Amino acid sequence: MIRELEYRDKASLNDMLLRTPNFNDEDVSVAMELIEITIENPEQEDYKIFVSEENEGILGYYCIGRRPITDAV
């Protein structure tokens with residue numbers, strides 16, 4: 001199931017990011033910053049985050065949004 005990010009997902013996503021060997025501390029920090037922006041400011045329109053969930057566990061997530069100095073990336 002794919003659904004929009006919820007506050008309850010924050011800790012699970014942080015744990016998942018920390019366990020991902022391809023991500024360094026800076027990568028995790030940036031990812032968590034975007035997650036926090038999305039959770040704390042539900043009216044913002046810069047980022048949308050969706051999670052993939054199965055049997056009450058998060059399998060992954062994706063974030064979409066505009067990137068500065070690009071044309072709708």
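## Basis and confidence

The model is predicted, and local features need pLDDT of at least 70, side-chain atom pairs count only at pLDDT 80 or more, while totals for chains, interfaces and linings use all residues. Residues are numbered from 1 along each chain as its sequence is written, and side-chain values use heavy atoms, with hydrogens and water left out.

The protein chain has a mean pLDDT (the predictor's confidence in each residue, from 0 to 100) of 92. Of its residues, 96% reach 70 or more. Confidence is highest in α1, at 97, and lowest in strand β3 (residues 57-65), at a mean of 93. Helices (H or I, at least four residues) and strands (E, at least two) are DSSP runs, numbered from the N terminus. Where pLDDT is low, the predicted coordinates should not be read in detail.

## Nonpolar core

Eleven residues make up the largest nonpolar core: Leu 5, Leu 13, Met 16, Leu 17, Val 28, Ala 31, Met 32, Ile 35, Ile 39, Ile 49 and Val 51. Helix α2 gives the largest share, five residues. A nonpolar core here is a set of buried Ala, Val, Leu, Ile, Met, Phe, Trp, Tyr and Cys residues joined through side-chain atoms within 4.5 Å. Buried means under 20% relative accessible area, exposed over 50%, and partly exposed in between (1.4 Å probe, protein chains only). In soluble globular proteins, nonpolar side chains tend to be buried together.

Val 28, a residue of helix α2, is buried because its relative accessibility is 7%. Leaving out residues up to four places away in sequence, Val 28 touches Asn 14, Leu 17, Leu 18 and Phe 23, where contact means heavy atoms within 4.5 Å. Ala 31, under the same exclusion of residues up to four places away in sequence, touches Leu 17 and Tyr 61.

## Salt bridges

The structure holds five salt bridges, each a side-chain nitrogen of Lys or Arg within 4 Å of a carboxyl oxygen of Asp or Glu. Arg 3 pairs with Asp 9, the closest N and O atoms being 2.7 Å apart. Asp 9 is buried, with a relative accessible area of 2%, and Arg 3 also counts as buried, at 10%. Arg 3 forms a salt bridge with Glu 53 too, with the closest N and O atoms 3.1 Å apart. This pair links distant parts of the chain, since Arg 3 is in strand β1 (residues 2-4) and Glu 53 in strand β2, 50 residues apart. Both Arg 3 and Glu 53 are buried.

Another salt bridge joins Lys 10 and Glu 36, whose closest N and O atoms are 3.6 Å apart. Lys 10 lies in helix α1 and Glu 36 in helix α2, so the pair ties together parts that are 26 residues apart in sequence. Lys 10 is partly exposed, at 21% relative accessible area, and Glu 36 is partly exposed at 29%. Salt bridges that share partners join Arg 3, Glu 6, Arg 8, Asp 9 and Glu 53 into one network.

## Largest pocket

The largest pocket holds about 160 Å³ of space. A pocket is defined on a 1 Å grid over the protein atoms alone, as an open set of points where a 1.4 Å probe fits, with protein on both sides within 12 Å along at least five of seven lines; lining residues have an atom within 4 Å of a point. Grid points are joined across faces, edges and corners, and the volume is the space filled by probe spheres set on the points.

The lining consists of Glu 4, Leu 5, Glu 6, Tyr 7, Thr 38, Ile 39, Pro 42, Gln 44, Tyr 47, Lys 48 and Ile 49. At least two lining residues come from each of α2 and β2, and β2 supplies the largest share, three residues.

Asn 14 is in helix α1 and is partly exposed, with a relative accessible area of 25%. Apart from neighbours within four places in sequence, Asn 14 is in contact with Val 28 and Met 32. The C-alpha atoms of Asn 14 and Met 32 are 6.8 Å apart, and the two residues are 18 residues apart along the chain.

Ile 69 lies in the segment after β3 and is exposed, with a relative accessible area of 90%. Its C-alpha atom is 27 Å from that of Val 51, which is 18 residues away along the chain.
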